[in-house]
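Please open the model in your viewer and keep a selection panel at hand. The stops below go from the whole chain to single side chains.

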Amino acid sequence: MSDCIFCKIAAGEIPSTKVYEDDTVLAFLDLDPQAPQHILLIPKTHIQSAADITAANSAVVAHIFEVAAKIAAEKGFSDGFRVVTNCGEQAGQSVKHLHFHLLAGRDFTWPPG
């Protein structure tokens with residue numbers, strides 16, 4: 001989508017601090033971190049939200065979780081980490097492109113705020 005900020009980041013039109021990249025997934029540092037370690041993982045193809053995951057595109061979501069585990073291991077998140085996605089405005093989704101927050105480096109509570 002031409003007006004999607006995450007599509008522009010994935011295309012290299014907007015710079016980001018990349019943590020990981022392959023043909024399907026891009027991981028980069030969040031500009032407004034909510035934890036000492038806050039990495040966003042996005043599919044390079046536009047999927048609007050978790051509500052739009054289908055049998056046709058679910059493999060990319062599985063791959064994102066594989067990448068999250070790889071990053072967590074490489075970064076030494078041995079004390080634990082959290083992976084979060086927001087689906088829809090009421091849940092706090094501000095960018096209409098499926099993305100996952102990989103958070104680490106502090107204690108987290110449940111339920112989240």
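The tour begins with the overall fold and then moves to the cores, the salt bridges and one asparagine.

This is a predicted model, in which local features need pLDDT of at least 70 and side-chain atom pairs count only at pLDDT 80 or more, while totals for chains, interfaces and linings use all residues. Residues are numbered from 1 along each chain as its sequence is written, and side-chain values use heavy atoms, with hydrogens and water left out.

**Whole chain.** Start with a cartoon view, where the protein shows two helices and five strands, given as DSSP runs numbered from the N terminus (helices are H or I of at least four residues, strands E of at least two). Followed along the sequence, their order is α-β-β-β-α-β-β. The C-alpha atoms fill a box of roughly 35 × 30 × 30 Å along the principal axes. Of the 113 residues, 36% count as buried, where buried means under 20% relative accessible area, exposed over 50% and partly exposed in between (1.4 Å probe, protein chains only).

**The cores.** Next select Ala27, Leu41, Val67, Ile71, Phe100 and Leu102, which touch the most other members of the largest nonpolar core, a set of 18 residues. Two or more residues of this core come from each of strand S2 (25-29), S3, H2 and strand S5 (100-104), and H2 gives the most, with seven residues. A nonpolar core here is a set of buried Ala, Val, Leu, Ile, Met, Phe, Trp, Tyr and Cys residues joined through side-chain atoms within 4.5 Å. In soluble globular proteins, nonpolar side chains tend to be buried together. Centre on Val67 and, leaving aside its neighbours within four places in sequence, you will find it in contact with Tyr20, Asp22, Val25 and Leu41 (contact means heavy atoms within 4.5 Å). Cys4, Cys7, Ile9 and Ala10 are included in a second, separate core of 10 residues.

**The salt bridges.** Which residues form a salt bridge with Glu21? Lys18 is one partner, with the closest N and O atoms 3.0 Å apart, and Lys44 is another, at 2.8 Å. Glu21 lies in strand S1 (residues 18-21) and Lys44 in the loop between S3 and H2, so this pair ties together parts that are 23 residues apart in sequence. Glu21 is partly exposed at 38% relative accessible area, as are Lys18 at 47% and Lys44 at 24%. The count comes to three salt bridges, each being a side-chain nitrogen of Lys or Arg within 4 Å of a carboxyl oxygen of Asp or Glu. Now move to Lys96, which pairs with Glu89 at 3.9 Å between the closest N and O atoms; Lys96 is partly exposed at 30%, whereas Glu89 is exposed at 65%. Shared partners join Lys18, Glu21 and Lys44 into one network.

**Asn57.** Finally select Asn57, in the loop between strand S3 (37-43) and helix H2 (58-75). Is this residue buried or exposed? Asn57 is buried, with a relative accessible area of 18%. The Asn57 side chain reaches the backbone oxygen of Asp52 at 3.1 Å, and a polar atom of that side chain lies 2.7 Å from the backbone nitrogen of Thr54.

Key: Polar contact = N/O pair within 3.5 Å; in protein donor to acceptor, adjacent residues only side chain to side chain.
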